[in-house]
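Could you walk me through this model, stop by stop, with my viewer open? I would like to know what to select next and what is there.

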Amino acid sequence: MHLSEPATTMALNVSAHSYSKEPDIRLEDYLDDKLQSTTDFENLDSLLASVEVQRSQLQTQLNDATKELEDARRAAQDRQGGLARSIQEFYQLQESIDVRLKIVAESHAPDEAIRRLEQPMKQLHKVELAYQYVSLLQDVENWRLEARSHLPQSPKAALEPYSKLKKLSVRLRELQKAADEAATHLVDYVERVTEDLWNEMKDTMSKELENILKKRNWPQGVDTNAEMDDEWLQCFEKLIDLQLPEVLYSEQVVTLLPFEVMAKPFIQWFRFQFMGNNATSNPQAFGTFCIPQFLSLIDKWEGFFRDNVGYVLASRFHETKVRDRSVYMDPACALITAMLPVMREKVDAMVQHGLKNPQFLSSLMVQLMDLDDEIRSRFNYDGGDPDQGWAGLTSEVLDKHFDDWFKAEKDFALERYHAIMNSPDARNIDYDYSGSGKMKPTFGAVRVTDLLKSVTSQYERVRRFSHKLRFLIDIQLDILDDYHDRFKDSLDTYYTINSTLGRTLHGLTREQAAALEGTGAFETLCKVLGSSDHIIATLKDWSNEEFFVSMWEQLQTRAKRSNGDGNIASGMSYESVKDRTSADIGSDGDGGILFDETIAAYAHRRKTAEEYLVTALIDSHQKAFRPYVAKVQWTTISDSTHVDPSQLSVTPELDEPLKILKRNLTFLAAALSTAVFRRIWREALEKLQDMLWTNVLMTQNFTTLGAAQFVRDLEAISSLIDRYIPDGSAALGTLQDGSRLLSLPLEAENGAISLQQASDRVFTDNTEAKKLLAELGLETLTPANARKILQRRVENSE
């Protein structure tokens, strides 16, 4: 670091001043060291010489330092001057820029310059774009010519330039979308050239195969068990090699070119046979001739193609992503793919005819489903989708014409339903439907379920879920709802006729009254009861079938995905489907079936009908037993103190009630299941017991003969009931125990208990009364009832 001039000068002055004014201690120390004795003065000259040398060296160093100081001073002055000049120049330049900016801001010259340059720049851009455009077209043409030059000798070599052209075409289309559909003509041209080149390549190779086939008189001159020669196989392989990239990169199923060529004679034959003016082209011949002949053709040549070219397909596609697709790996499936376009043409023509003839359309769809199933099962055809399988020709038709087909099927179903309801025997009970002890529905109910089964068969093979749901809800459930409403109306009418208020408001016609006579009321209710039970049982059985279980699972999945909002299927909201099928839709539980809501509705009608039937049965018994309760006298005196009831005949007034009981038992036993029959009669007999208990046993007075007669009458009633219902008379158990107590003899025999003994013990206290009842085996009676019963004996009142 260089010292500044003032600092250096100051140091020198300080040093000079110190040397001249003050003794130098270091000098004194030096002299004292050198001159310690007189002898040292002899060496004074050498000492002075040494000092002189040191002084000279120091002077030289001082001179050098002084020179360097001067040089540093001049350099510092030069730098300061340069920096000042640079600052001055900067300020001058800044002022100049400010002036020019002001001039530019106040002037329009730049805009005018820009405007003058716009047109040349546009022209230059056009020239560059035209150059690039022409260069691209030149590349397109070169690739096209190069691809053509390799055919038909080397299709693999032709694929290289074609692939470049194809990639360019795809890339241009992608760029066009990002550029707001710019360069439309260029993109279209490249695509058209690419497509034309591909068609030309295929035509060139196809003609080579066609010539080979022509030489061999294909297919007439070829036996199905023959082997393809080398030339034939080599040409076949060339076509597969040419098409390999298309197969691997196409998102759609591609018809293999050699199969397309070899199928041409088959297609011509098909068109002549089934798409011309001959009888086999008639729409009615589609299911009987066209479909069987189509399948027969595939079946005939299946072995030929598999034996000859199966290994070729395997060698080309085994290690590719399409190795799991039968349309490329199985020659028979590849042949089907080549034949399907002409079949689609035929199907389209048939559909157009069916749109004008709904009945034909209905049968056509069944025939198409059969065809699809046959192709899938017989040839393992997957349509290029190994996971979901081939959708089939039926799905293709329904994608366009489902509404037309659905309307036709719904009209037919409703027409058949109304015909069933209007048939004379629809409301008659079908006693031959099931064996003894089973519920008997009406003929109409059986036919309705058969109709619904036929509707299921119409759509169960449909693949789209929304289509199946439409059939279920808008046809089957609509019919079931209408049938349910008929049951409801029938029960409402029955209630109105049989209620006092209903008869007062609406009156009762002679026909209605006649319909309820005898077993008429039972029959009316049994029709609803048996038919409702039949519908419920049928729907529960269906809910366990694989088809409806699968539908329920799909419905649950869609419902959970929708979270209760939006549509579960096309045009069907979550709530509407839930209201028609099951409240458990969308829940996490395992319960619920498709027909929950319908079953619940029919179950309510069944319960109501059963309740009405019990009431009707009770009313029938009350009317029948009214003369018996009112007119019979039980105080006839007998000469004997012990009367055997079995020796007595039934009271005359009981003959008619027994006939009514037998009639009711016979009718209901034939119409109802064992469980329902027993349940209904148990309730009715309990009411009958209450009536006889209250109006006879607890009201009338009995002599010994009268009590025995009452026992005999109850035995007759019980015997009749037990013939139809094993142990059914147990419902009258309390009444039977009461009659046994009532009929105790006046005089006991063989250790039995007499009337007097029983009376004494019963009236002693409850404990004694219970012991008595236990001894007699009358477990259903209470001490209070026992006392009342014994008080009805005339002998006890005397």
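Start by selecting Ile-291 together with Phe-286, Gln-367 and Leu-371: leaving aside residues up to four places away in sequence, these are the residues that Ile-291 touches. Keep in mind throughout that this is a predicted model. Ile-291 belongs to helix α10, which covers residues 286-317. Is Ile-291 buried or exposed? Its relative accessible area is 8%, and since buried means under 20%, Ile-291 is buried.

Asp-370 is 79 residues from Ile-291 along the chain, and the two C-alpha atoms are separated by 9.4 Å. Asp-370 is also your way into a network of salt bridges, which links it with Asp-373, Arg-376 and Arg-461.

**Salt bridges**

How many salt bridges does the structure hold? There are 31. Side chains of opposite charge can pair when their charged atoms come close.

Glu-237 sits in helix α7 (residues 230-249) and Arg-316 in helix α10, so the pair ties together parts that are 79 residues apart in sequence. Both ends of the pair are partly exposed, Glu-237 at 23% relative accessibility and Arg-316 at 22%.

Next, jump to Arg-761 and Glu-768. They form a salt bridge in which the closest N and O atoms lie 2.7 Å apart. Glu-768 is partly exposed, with a relative accessible area of 22%.

While you are in this stretch of the sequence, select Ser-759, which is in helix α27 (residues 755-762). Which residues does Ser-759 touch, not counting those up to four places away in sequence? The answer is Leu-790 and Asn-796. Ser-759 counts as buried, at 6% relative accessibility.

One more pair to display is Glu-795 with Arg-793. Their salt bridge has its closest N and O atoms 3.0 Å apart. Colour the two residues by accessibility and compare them: Arg-793 is buried, at 0% relative accessibility, whereas Glu-795 is partly exposed, at 22%.

**Backbone stops**

Hide the side chains and move to the loop between α6 (184-215) and α7, where you will find Pro-219. What kind of peptide bond joins Trp-218 and Pro-219? The bond is cis, with omega at about -5°.

Asn-217 is found in the loop between α6 and α7 too. Check its backbone torsions: phi is positive, at about 55°, although Asn-217 is not a glycine. With a relative accessible area of 44%, Asn-217 is partly exposed.

For another positive phi, select Asp-727, where the angle is about 60° although this residue is not a glycine. Asp-727 is found in the loop between α25 (704-724) and α26 (733-742). Asp-727 counts as exposed, at 63% relative accessibility.

**Surface patches**

First, select Leu-83, Ile-87, Phe-90 and Tyr-91. Together they form a nonpolar surface patch with about 440 Å² of accessible area. One of them, Ile-87, is found in helix α3, which runs over residues 44-105. Ile-87 is partly exposed, with a relative accessible area of 40%.

Asp-579 has its place in helix α21, residues 574-580. Its relative accessible area is 54%, and because exposed means over 50%, Asp-579 is exposed.

Terms used
Residues are numbered from 1 along each chain as its sequence is written. This is a predicted model: local features need pLDDT of at least 70, side-chain atom pairs count only at pLDDT 80 or more; totals for chains, interfaces and linings use all residues. Side-chain values use heavy atoms; hydrogens and water are left out. Helices (H or I, at least four residues) and strands (E, at least two) are DSSP runs, numbered from the N terminus. Buried means under 20% relative accessible area, exposed over 50%, partly exposed in between (1.4 Å probe, protein chains only). Contact means heavy atoms within 4.5 Å. Patches are made of residues with over 30% relative accessible area and no salt bridge: like charges are joined within 9 Å, nonpolar side chains (Val, Leu, Ile, Met, Phe, Trp, Tyr) within 5 Å. Accessible areas come from the Shrake-Rupley method with a 1.4 Å probe; for residues, only the protein chains shown count as cover. A salt bridge is a side-chain nitrogen of Lys or Arg within 4 Å of a carboxyl oxygen of Asp or Glu.
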